[in-house]
Amino acid sequence: MVKPIIQSPTQTLYDEDYYLWLRTTINQLRAGQFSAVDLDNLLEELETMGRREKRTIESLLIKLLEHLLKLKCWDEERERNQGHWKGEIRTFRREIKKSLKDSPSLKPYILEIFDECYQDARTEASDRSQLAIDIFPSIPIGSLEQILDENWFPEYNHNHHGKPD
């Protein structure tokens with residue numbers, strides 16, 4: 001005979017009403033009712049939050065680098081779009097700065113993923129511009145410090161005119 005799985009009321013609540021489960025868990029923790037806390041789901045949520053923080057900063061870094069590359073290399077669209085690209089660059093920098101302020105321990109992670117994010121950004125810039133990927137430098141156009149500096153923009157690369165030589 002198979003034993004039925006017994007779920008605690010908070011485990012059931014987690015599946016039926018996430019927000020209510022969250023509020024209940026917070027209240028239980030504040031009240032010191034640790035034995036009543038749905039620990040399995042709480043641990044799963046905390047792990048998910050950590051992964052989400054890392055994915056968010058990775059996504060922001062790729063978007064930042066993509067816009068810096070378009071600003072530097074996409075000649076045909078530069079004049080018309082540079083204001084928009086610079087605005088996006090500032091937004092992505094601000095969001096990364098806020099994330100790092102809230103979670104300074106992510107700074108080593110951003111260094112760890114920088115090169116991979118740069119290559120992803122080259123691919124994105126190539127796809128979005130429909131320019132050959134070799135238009136976008138394979139070596140990062142700036143250090144992480146420069147990339148995150150709110151006043152730094154790459155020098156305009158006007159030698160190639162957005163087309164391979």
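## Cores, pocket and cysteines in a predicted helical chain

C117 is buried, at a relative accessible area of 1%; buried means under 20% relative accessible area, exposed over 50% and partly exposed in between, with a 1.4 Å probe and protein chains only. C73 also counts as buried, at 0% relative accessibility. The disulfide count is 0, where a disulfide is a pair of cysteine sulfur atoms within 2.5 Å.

This is a predicted model, in which local features need pLDDT of at least 70 and side-chain atom pairs count only at pLDDT 80 or more, while totals for chains, interfaces and linings use all residues. Residues are numbered from 1 along each chain as its sequence is written, and side-chain values use heavy atoms, with hydrogens and water left out.

The protein chain has 6 helices and 0 strands, in the order α-α-α-α-α-α. Helices (H or I, at least four residues) and strands (E, at least two) are DSSP runs numbered from the N terminus. Of the 165 residues in the protein chain, 36% are buried. Contact means heavy atoms within 4.5 Å; among contacts between residues at least 6 apart in sequence, 69% join residues at least 24 apart.

A nonpolar core is a set of buried Ala, Val, Leu, Ile, Met, Phe, Trp, Tyr and Cys residues joined through side-chain atoms within 4.5 Å. The largest has 32 residues, of which L61, L64, L65, I96 and I147 touch the most other members. Two or more residues come from each of α3 (39–73), α4, α5 (107–129) and α6 (144–148), and α3 gives the most, with 10 residues. Leaving aside residues up to four places away in sequence, I147 touches L61, L64, L65, L68, R93, F114, I141, G142 and W152. A second, separate core includes L13, Y14, W21 and L42.

| Nonpolar core | Size | Members, among them |
|---|---|---|
| Largest | 32 residues | L61, L64, L65, I96, I147 |

The largest pocket has a volume of about 180 Å³. A pocket is an open set of points on a 1 Å grid over the protein atoms alone, where a 1.4 Å probe fits, with protein on both sides within 12 Å along at least five of seven lines; lining residues have an atom within 4 Å of a point. Grid points are joined across faces, edges and corners, and the volume is the space filled by probe spheres set on them. The lining consists of R90, R93, R94, I96, K97, L100, K107, L148 and E150. Helix α4 (residues 75–102) supplies the largest share, 6 residues. By class, the lining holds 3 nonpolar, no polar and 6 charged residues; Ala, Val, Leu, Ile, Met, Phe, Trp, Tyr, Cys and Pro count as nonpolar, Asp, Glu, Lys and Arg as charged, and the others, Gly among them, as polar.
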